[in-house]
Amino acid sequence: MNKVGRSEIRVDAFDKACGRTQYYEDRIPANALYVRIKHAEIAHALVRSVDTSAAEAVPGVVKVLTCFDVPDIPFPTAGHPWSMDPAHQDVADRLLLNRHVRYWGDEVAVVIAENEVAANRGVRALQVEYEPLPFVLDVQKAMEDGAPQLHERFPNNILKHTSSRLGDYAAAIREPGLIKVEGWYDTPTVQHCHIENHGCFAWQEGDRLVVVSSTQIPHIVRRVVAQALGRPWGDVEIIKPYIGGGFGNKQDALYEPLCAWCSTQVGGRCVRLDCSREETFVSNRVRHAIRFHIVTWLRPDGTIAARKTESYSDQGAYASHGHSIAAKGMGSFPQHYPCPNMECDAWTVFTNKPTAGAMRGYGMPQASFADECNIEDCAWAAGMDPYEFRKKNIMPQGFHDNFSGNTNYYDSFRQCMAKGAAYIDYERKRKEYAADTGNIRRGVGMATFWYNTAVYPISLETSSNRMSLNLDGTVTFQCGETEIGQGADTAFSQMVAEAVGLKSYRDVHVKSCQDTDITPTGLGAYASRQTYVAGFSIWQTADLLREKILQYANEITRQAVACMDIVDGNIIRKEDGAVLMSLGELAMAAQYNPVHSEHLTAESTYTIRNNAYSFGCTFAEVEVDIAMCKVTLKNIVNVHDCGRLINPALAAAQVHGGMSMAIGYGLSEQLLFDPKTGKPLNGNLLDYKLSTFMDHPHLEAEFVENAEPTSPFGTKALGEPPACSGAPAIRNAILQATGVAIDRNPITPHVLFAEFTKAGLIHDDWREEA
Amino acid sequence: MYDMKALYEAESVADAIRLRLEHPEAQIIAGGSDVLVQMREGKRAGRELISIYGIDAMRGVSLDEEENLRIGSLTSFSHITRDPLIRRYCNVLGEAVDQVGSPQIRNIGTIGGNTCNGVTSADSASTLHAYEAIVELTGSRGVRRVPIHDFYIKAGVVDIRPDEIQTAILIPKASYENTFGHYIKYGMRNAMEIATLGCSVNVRLSADRQIIERCRIAYGVAGPVPMRCPGAEAAANGQRPTQELAERFARAIIDDINPRDSWRASKAFRQHIAVEMARRALTRAVELAGGELA
């Protein structure tokens, strides 16, 4: 292989650098009407009435639609593959607009207007009368008897509860001499903060609906729009142009169904619906805040006798991706630090807060935070160095998971850890920093994670693509896996060039824009699946195309198909390497042959029935200014085993982005709510402390390249893994620096102030006097 | 698209005053980094605007005939930071406004807007208070000069009359001469940030640098408007600069400031960091003045 494994320049680099890449907003017709949403300003209520008269009187307002106008067709929004088994289908709990308002920010009405100012004025002029209901914000309080109920079908607000059991926990903990390490760990509600807010525009063409959307999952959105509007699936066409990031927020049908419906209410005219940043924070999706309770029973030799984990996952107001996140997080515990006796439980619970959905890591950053806090505390309790403790207990080489079929073929964890420790100079710094006693204290810490690649066997894994040989010997490539900024198109180009036998990845023209009428059906960008799953179908389709090319070449060259190969864009004779003709010559000869004209093209679908473990770790170094309650991140490294790298520069870029997300998760990001009203307090980029360039040290990305045996390209997950282990590594570095174990993230100055006061590290005498 | 009723562009100070009298409901806009944000949020939607941004006479830093530092109200943060007179006489102000938002905001945002907005968190405000700046207002009846302390009436409200615009901010020679200051901004991140607390301290030392002749300290976000700390200043004035003094000085600010509890930060947290910031800012200011804490 020589086309993959190289740091090629992104295929979209030039257009993006020049600002000529087309995003959905660049494609909106000038005469499109504006749809703006009236969001509820109450956490839980029934809408009694909406007075639209003042809004309708605003010049430029075309139509006002309310929760009393929408079709009564509940629909699901999660970007999951459809399941033929009704028991595994996503919960259909959404309406286009809601009479039963379940969170501050829920959709109550829309104003459609000739321009944005009129639409906004119309929204401000709407008078909504509510019948207030009691609300609940805390995940465990929502489970209590008598708590306010969000959905009738789910008593105690429990969307789902699942468990897993291994061995006999109750018996195991009776072993004499065990050390109990118990903690409650809280992870926050955070938002994806992709650069481009979600938006879409829709119009009718004949009897059909066309929606252009900033989405990660065009084919799935097609199904959801059809379901929501009660239309046949073929009536809907979704077009996905370039998008400015998604991180999972756009792995949901967001406002595409509402936008499409609005078009049908104004005679099929083109309507646009663009989210503001404030709407993105509150009324799109957020990451599940999950509270964990972990009890670990240690033997004095540092082995783990038994473990119990409980996860309480805050779903917010609507089901969206639902229990999948908590379940995935729960599933990580028994495999991360295998132990013979385990009890794991996870609950996903509705609260009157923004809806949680998919977000980069899908439950793993939460689980990794809790797990790696508890494991760190176990190491301290056992009197062992945390690195040595992990080496002793972490998933061993050869470990096999029967459910996913995954095997830890190499000793990836220990290899990654060794590399990270070497980079950060772990052992020396650990010793040196232990001696710090002044106001400024330093520490190094680490954390690990594992991650599945794609969603088999929980859901369908399928990938389709089409390759067409152009008359100049280049190949046009289309697939359902989407470019969302991560560089998928470039990786696919390199893989196609490799599999077909082209001279350069530049000879592959990827159709970046998916159109569900044209593009082979695929599932989209999620689950760190794309490079892995596309690898199967690319290899399969390339084989079909190569076969057709060589068959045709046989007519011209009279050489047996078995004697020929395609190498660097030429058809060659294998035995002596003689160049018989170029692909361009062949394509011309085939297309313009007066008796046997053929457009050489191939298309196929591959059902992937494999999964693959991806591994990694973070090492972080901090400096803590105790009096100022401030942490400065001095140094951070992520090490990943994601198999063979298709494009090392793009892989490093993926890791840098994930590390940045993890830094914010660890130190600063959290969506806050007013406990008295349920109102979101900081849903904007000023008050929500997304970490900036100035908050990052150099981000070091390193790799252990153990080829994944199940992948034709030896590759596996990297999209989400970089976001998983950073926050607990920072927490553990703060623990080394200060001796204070903080069991919640983000570890903000407010948290440090409280914790340092409790630990006696800071002491404000005037507070006692007062 | 911004929801504005009309935009009037003033060509001169006199023109701006005329427009203010003709359109009493209109909002003055300079760089727009506050006004347009509020307009987008719907708070000032549908209003008329009077733009003074084109009045170049209100831009730039100079010394007047009494050698007071004169900063035109439209001078941007990035110009203030780079201005040679500011660097020479009041470098701390340049450092303070260099911590506003982002490079783009510092290029468009003006010191006049920063003060006229009347918010306690403005990065320029604590230093201007600590230097006892004078606000120059020009109206139909001439020029009025107001001490910055009196200019801030309450949160979001400043002393500008209906026919006036703020034309300059002055730092008197007696205020900046032989005086060295340091500003500490406490934020939750290192850029794109609004101050959780801002603390500006300046000192003038005796010729032998053994005595603090004058110490001034002011905070932003320690109360509804930026504020000085007279008790702490009194504790430091005329004293030898020592570690012990710095502790005493810092501790004294607790009785001077009045931070509030909000979801952005608790009162206890703000008090805690206020003391630490006072100690550090005084220490640094003394160092900048060529002294050293004994």
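Helix axes are lines fitted to C-alpha atoms over the stretch in contact, and angles are taken between N-to-C directions. The model is predicted.

In chain A, helix α17 spans residues 648–667 and helix α18 spans residues 726–738. Their axes come within 7 Å and cross at roughly 50 degrees. The pair α17(A) and α18(A) is therefore oblique, since angles under 35 degrees count as roughly parallel and those from 65 to 115 as roughly perpendicular. The crossing of the two helices is right-handed.

On the α17(A) side, the contact is made by A:Met659, A:Ala662, A:Ile663, A:Tyr665, A:Gly666 and A:Leu667. These meet A:Gly726, A:Ala727, A:Ile730 and A:Arg731 of α18(A). By class, the contact residues of this helix pair comprise 7 nonpolar, 2 polar and 1 charged.

In chain B, 4 strands form an open sheet in the order β11-β12-β13-β14. Pairing is antiparallel. Strands β11 (180–186) and β14 (227–228) of chain B lie at the edges, each pairing on one side only. Between them, β12(B) covers residues 197–205 and β13(B) covers residues 212–220. These two strands pair in the antiparallel sense over 8 bridges. One bridge joins B:Leu205 to B:Ile212 of β13(B).

Helix α13 of chain B, residues 267–288, packs on this sheet. It touches β11, β12 and β13 of chain B. The direction of α13(B) makes about 30 degrees with that of β12(B).

Terms used: Residues are numbered from 1 along each chain as its sequence is written. Chains are lettered from A and ligands numbered from 1 in the order in which they are written. This is a predicted model: local features need pLDDT of at least 70, side-chain atom pairs count only at pLDDT 80 or more; totals for chains, interfaces and linings use all residues. Two strands pair if DSSP finds at least two bridges between them. Two residues are in contact if their C-beta atoms, placed from the backbone, lie within 7 Å. Axes are lines fitted to C-alpha atoms, for helices over the stretch in contact, and angles run from 0 to 180 degrees between N-to-C directions. Angles under 35 degrees count as roughly parallel, over 145 as roughly antiparallel, 65 to 115 as roughly perpendicular and the rest as oblique. A crossing is left-handed if the near helix is turned anticlockwise from the far one by less than a right angle, and right-handed if clockwise. Ala, Val, Leu, Ile, Met, Phe, Trp, Tyr, Cys and Pro count as nonpolar, Asp, Glu, Lys and Arg as charged, and the others, Gly among them, as polar.
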